[in-house]
Amino acid sequence: MSDHALLILRLAAGLGLASHGYVAIVDGGVDAIENFADYLESLDLPAPLILAWAAKITELAGGALVALGFITRPAAFMCAATMLVAML
């Protein structure tokens with residue numbers, strides 16, 4: 001693959017994930033996080049509010065780090081772990 005294609009892929013994945021976390025944290029505020037926590041609680045997960053904040057912060061920070069290309073592998077791993085939990 002060319003370097004340009006990898007750059008576009010990294011930016012698209014990173015900014016897409018970061019925008020998802022941004023919308024929940026900044027635009028939606030505490031209400032969006034509490035709604036997500038209520039959903040997690042309905043799944044009988046422990047500490048739903050902590051899990052909700054951890055997921056959204058990981059999306060925002062991890063996505064931004066991937067898009068910037070800074071500590072990409074650890075950030076991508078954390079994002080992948082968050083998405084794996086979301087799938088399960």
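Is Glu59 buried or exposed? Its relative accessibility is 6%, so Glu59 counts as buried. The cut-off for buried is under 20% relative accessible area. The model is predicted, and the values here are computed from it.

Lys56 can be judged in the same way. Lys56 has 8% relative accessibility and therefore counts as buried.

## The salt bridge

Glu59 and Lys56 are joined through their side chains in a salt bridge, with an N to O distance of 3.5 Å. Both residues belong to helix α3. They sit 3 residues apart, about one turn of the helix. Searching the whole structure gives 1 salt bridge.

## How α2 and α3 pack

Helix α2 covers residues 29–42, and helix α3 covers residues 48–68. The two pack at an angle of about 120°, and their axes are 8 Å apart. Angles of 65 to 115 degrees count as roughly perpendicular, and those over 145 as roughly antiparallel. The pair α2 and α3 is therefore oblique. Their crossing is right-handed.

## The contact between the helices

From α2, the contact draws on Ile33, Phe36, Ala37, Leu40 and Glu41. From α3, it draws on Pro48, Leu49, Leu51, Ala52, Trp53, Ala55 and Lys56. Sorted by class, this contact of α2 with α3 holds 10 nonpolar residues, 2 charged residues and no polar ones.

Lys56 links the two topics. This residue is part of the contact with α2, and its side chain also meets that of Glu59 in the salt bridge.

Notes. Residues numbered from 1 in each chain as written. Predicted model: local features only at pLDDT ≥ 70, side-chain atom pairs only at ≥ 80, totals over all residues. Heavy atoms only, no water. Axes fitted to C-alpha atoms, helices over the stretch in contact; angles between N-to-C directions. Helix = DSSP H or I, 4+ residues; strand = E, 2+ residues; numbered from the N terminus. Parallel < 35°, antiparallel > 145°, perpendicular 65-115°, else oblique. Left-handed = near helix turned anticlockwise from the far one by under 90°. Contact = heavy atoms within 4.5 Å. Nonpolar A, V, L, I, M, F, W, Y, C, P; charged D, E, K, R; others polar. Salt bridge = Lys/Arg side-chain N within 4 Å of Asp/Glu carboxyl O. Buried < 20%, exposed > 50% of the residue type's maximum accessible area, 1.4 Å probe, protein only.
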